[in-house]
Amino acid sequence: MVAYEFYLHDPVKGYELVGILPERRKNPERITQESIMRWGENIFGKDLNVKDIYFIQVTINADTGNIIRPNPFFVNQKKMKK
């Protein structure tokens, strides 16, 4: 199952998990970054500044309940110049 983890950037505490919302829409054309951010804002409160929150898409294994996050990647400048 696809879900979205929402994080808040707090200058003092760093990044904090606000919550996880499962994707339930069947029509993939309706799924946009803007619609996901609006959804998170509606669920987690209007007090959150959209500039201070972000989300990552994760997959939840239906059998185990484990959350599978995408692997982060880093590109250094030497690799970019090639």
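Which strands does helix α1 lie across, and at about what angle does it run to β2? Good morning. The model before you is a predicted one, and I shall begin with that question. Helix α1 lies across β1, β2 and β3, and its direction makes an angle of about 100 degrees with β2.

Let us turn to the sheet itself. It is an open sheet of four strands, with the order β2-β1-β3-β4 and antiparallel pairing. The edges are formed by β2, residues 14–22, and by β4, each of which pairs on one side only.

Eight bridges join β2 to β1 in the antiparallel sense, and here H9 stands opposite Y15 of β2. Strand β1, residues 2–10, also pairs with β3, residues 53–60, through seven antiparallel bridges. Within that pairing, V2 has T59 of β3 as its bridge partner. Lastly, β3 and β4, residues 67–68, run antiparallel and are joined by two bridges; I60 is partnered with I67 in β4. These two strands, β3 and β4, form a hairpin with six residues between them, and G65 in the turn has a positive phi of about 80 degrees.

What residues make up the largest nonpolar core? There are nine: Y4, F6, L8, L21, I36, M37, L48, I53 and F55. At least two residues of this core come from each of β1, α1 (33–44) and β3. Strand β1 provides the largest share, namely three residues. In soluble globular proteins, nonpolar side chains tend to be buried together. As an example of the contacts made here, I53 touches Y7, L8, M37 and L48, leaving aside residues up to four places away in sequence.

The structure holds five aromatic pairs. One of them is formed by Y7 and Y54, which are stacked, with 5.4 Å from centre to centre and 20 degrees between the planes. Because Y7 lies in strand β1 and Y54 in strand β3, this pair ties together parts that are 47 residues apart in sequence.

Is Y7 buried or exposed? Its relative accessibility is 16%, so Y7 counts as buried. Y54, by contrast, is partly exposed, with a relative accessible area of 33%. Finally, Y4, F6, F44 and F55 form one aromatic cluster, and Y4, F6 and F55 also belong to the largest nonpolar core. Thank you for your attention.

Terms used:
Residues numbered from 1 in each chain as written. Predicted model: local features only at pLDDT ≥ 70, side-chain atom pairs only at ≥ 80, totals over all residues. Heavy atoms only, no water. Pairing = 2+ DSSP bridges. Core = buried A, V, L, I, M, F, W, Y, C linked by side-chain atoms within 4.5 Å. Buried < 20%, exposed > 50% of the residue type's maximum accessible area, 1.4 Å probe, protein only. Contact = heavy atoms within 4.5 Å. Axes fitted to C-alpha atoms, helices over the stretch in contact; angles between N-to-C directions. Phe/Tyr/Trp six-rings, centres within 6.5 Å; stacked < 30°, edge-to-face > 60°.
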